[in-house]
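My notes follow the order in which I checked things.

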Amino acid sequence: MKKSVVALLAFAVLSMTSVYAAEPQGPISRWLDRQTSSVAKKEQQNNAKIAAKKKARQEKIAKQKAKAQARQKKAQQKKAERLKKQRERQKKIDNKKKNLRELLSK
């Protein structure tokens, strides 16, 4: 008889607390939230750190790409200037040759 009363009492307590556990703001939910809040905070902090590192890495990569593009553009400009100067020099040389041929052929 004692065992059945104890079992019945345990069943009643469990069925009453299961209603509280199902509530989103019940005492069991609040207790679980308190127990897991530190873990959740640590996870949020870690996620924030990871996101910050990822953002910093992306910014660094973007800066490196911009610098590389600037260097490449500068190199192309220098090459274009060199080619232009070389063509001008070649024109002068060709003009002088032409003038000398005209003088010598007369």
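I began with burial: of the 106 residues of the protein, 2% count as buried. The model is a predicted one, and I keep that in mind for everything below.

Next I looked up the accessible surface, which comes to about 10600 Å². Carbon and sulfur atoms account for 59% of that surface.

Then I turned to secondary structure. I noted two helices and zero strands in the protein. Helix α2 covers residues 27-105.

Which residues form a nonpolar patch on the surface? I found Leu100, Leu103 and Leu104 in that patch, and together they have about 370 Å² of accessible area. I picked out Leu103, which sits in helix α2. Its relative accessible area is 62%. Why does Leu103 count as exposed? Leu103 is exposed because its 62% lies over the cut-off of 50%.

Which residues form a positive surface patch? I wrote down Lys49, Lys53, Lys54 and Arg57. From this group I looked up Lys54, which also has its place in helix α2. Is Lys54 exposed or partly exposed? Lys54 has a relative accessible area of 47%, so it is partly exposed: the value falls between the cut-offs of 20% and 50%.

Terms used
Residues numbered from 1 in each chain as written. Predicted model: local features only at pLDDT ≥ 70, side-chain atom pairs only at ≥ 80, totals over all residues. Heavy atoms only, no water. Patch = residues over 30% accessible without salt bridge, like charges linked within 9 Å, V, L, I, M, F, W, Y side chains within 5 Å. Areas by Shrake-Rupley, 256 points an atom, 1.4 Å probe, with all protein chains shown as cover. Salt bridge = Lys/Arg side-chain N within 4 Å of Asp/Glu carboxyl O. Helix = DSSP H or I, 4+ residues; strand = E, 2+ residues; numbered from the N terminus. Buried < 20%, exposed > 50% of the residue type's maximum accessible area, 1.4 Å probe, protein only. Lys, Arg positive; Asp, Glu negative; His and termini not counted. Charge placed at Lys NZ, Arg CZ, Asp CG, Glu CD.
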